[in-house]
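The sequence and the structure come first, and the description follows.

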Amino acid sequence: MLEATTLIVAQTTVLLAVSPFLVGLIRKVKARLQLRRGASILQPYADLAKLFKKQPVISTTTSWIFTATPYIVFASTLTAGLLVPTFTSQTPMNFSGNIIALVYLLALGTFFLILAGLDAGSAFGGMGGSREAIVASLTEPAMILSIFAIALTAGSTNLSTVVHKTAVLEGIMTDPSPHLMALAALFIVALAETGRVPVDNPATHLELTMIHEAMVLEYSGRHLALLEWAAGLKLAVFLSLITNVFAPWGIATTVAPAAIGIGLLVYIIKIAVLAVLIGVLECMFAKLRLFRVTDLLGVAFILALLGLLFFYILRS
Amino acid sequence: MQVLSSIGSQLVNVCSALLLLTCFAIVAQRRLSACVDLFALQSAFLVVTAALVAYLTGNQHIYIAAALTGVIKVIIIPRVLKKIIDRLNVKRELVMYINVQAGLLICGGLVMLAFFISQPIIPLGSLLTRDSLAIALAIVLIGLFTMIARQKAVTQLVGFLVMENGLFLGATAATHGMPLIVELGVFFDVLIAALIAGIYTNRLQDAFDSVDTSRLTALKE
């Protein structure tokens, strides 16, 4: 019991601490590749600290949804983060939800963010909300299918079981092709869901293109801080999901302190590598036109479908 | 030995899966030059697959076929196509007979069809290349679909070449390669076909100021 509580607290702390670092790291990589010096990697922490000190300004036309949304988004993303194995394969919260719960906890946050965007009544909020709804409705089937392709090979929808089995190489001696397809699909989904470059550009507030920024445009002070932190958390959740489902080796499979120490170190290195990769990709590709986003997400959906198909073909 | 052949079979499968992945990228890609690059990438995966099969089965002549694929499909044909594209006044294909999203779904259906058709044959084949055959069939079908769905002569040519890649993969997977003399003949044919199609594209460009093959219906006596 004490052990489980400690692990929950530890995982919460790690997720909260690591997410601004990832955002800062991606920004730094992009700046260096564009021959700028860029802000310090620790800048997002300073931004959050500053925003928490400021007074939030709330429009008089908004309802309770506007005020409640930052807390709902933050809480649902953090809960989703507790379902994903990070540095130890046995997450203490794994009894309370599986992959499907994870997907819909994230969807809950997206849903309230869209509502809040509409609630303020500004044109940008509505535009951002409608775009987010397009992207979310297209990523969801791709995400669910790719995750099912993985769940089938492991024989369980519980993420801890999936990761643990892969980490100790037990009962997953199947061909890597379904995993490859699912990985490609999940990576595209991760870029779309976290608002990275081919779909959305987190670095600008250009009215023609913004999606996530348009919805949070009316927020300020601690509300904005919570939403920014939640966006970072979502990125951390997706990166943890990708690294630990497809390459969990090095993760702590027991609760011995030494194993957890190694697991933590390996986890941070792995997600940092993925974050650098995302930064490089953002420099290589231009943002897609909104109506071309459906092509990209269509590819993700088909890939996930093929992953499922390959599983059945190879098993028969 | 058992472990080695199982790992080898998995590697061949992964390479074939990568071939299929590039197929989908070609279907979704609108930029002409990017289509050609993706074709070159697909051919490079094909070289790796063929070399793997050659290594695992010990058939020396597959190495020669792989090397020829490398020279012709990874270097020569993409270069020729790039030169043609430089002359054209279009860089991307905006109108297609079937739009990208529907095209992707249809290609997904084609892959299922290919798997379904080759299901009864797969258990009869050798262990090494069990499901490369199904993937090869799927690639042939997707290549054919690309030829039908696209309007521009260049992308139709890429579709044709993708089909040929699928046939080569199928031949390597199912029979460990055709006799060398047949392969040489096929390579020569593909090279000549690509060159002729290149000339045809240039003529189209000169005659209609466009490489849209649907314009050909305007040719009447």
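## Terms and source

Angles under 35 degrees count as roughly parallel, over 145 as roughly antiparallel, 65 to 115 as roughly perpendicular and the rest as oblique. Axes are lines fitted to C-alpha atoms, for helices over the stretch in contact, with angles running from 0 to 180 degrees between N-to-C directions. Helices (H or I, at least four residues) and strands (E, at least two) are DSSP runs numbered from the N terminus.

The model is predicted: local features need pLDDT of at least 70, side-chain atom pairs count only at pLDDT 80 or more, and totals for chains, interfaces and linings use all residues. Residues are numbered from 1 along each chain as its sequence is written, while chains are lettered from A and ligands numbered from 1 in the order in which they are written.

## Two helices of chain A

In chain A, the axes of helix α1 (residues 2–33) and helix α9 (residues 221–246) come within 8 Å and cross at roughly 95°. α1(A) and α9(A) are therefore roughly perpendicular to each other. Residues are in contact if their C-beta atoms, placed from the backbone, lie within 7 Å. On the α1(A) side the contact includes Leu15(A) and Val18(A), and on the α9(A) side it includes Trp229(A) and Leu233(A).

By class, this contact of α1(A) with α9(A) has ten nonpolar, two polar and no charged residues. Here Ala, Val, Leu, Ile, Met, Phe, Trp, Tyr, Cys and Pro count as nonpolar, Asp, Glu, Lys and Arg as charged, and the others, Gly among them, as polar.

## Chain B

Chain B has seven helices and zero strands. Its radius of gyration (over C-alpha atoms) is 18 Å, close to the 17 Å that the globule rule (2.2 Å times the number of residues to the power 0.38) gives for 221 residues, so chain B is as compact as a globular protein of that length. Its C-alpha atoms fill a box of roughly 65 × 35 × 30 Å along the principal axes.

Helix α2 (residues 32–57) and helix α3 (residues 60–87) of chain B have axes that come within 8 Å and cross at roughly 175°. That makes α2(B) roughly antiparallel to α3(B). Their contact consists of 19 nonpolar, four polar and two charged residues.

## Where the chains meet

In the contact between the chains, 16 residues of chain B face 17 residues of chain A. Helices α1 (2–28) and α4 (100–118) of chain B each supply at least two residues of the side that touches chain A. That side of chain B has eleven nonpolar, four polar and one charged residues.

Note on methods: Contact = placed C-beta atoms within 7 Å.
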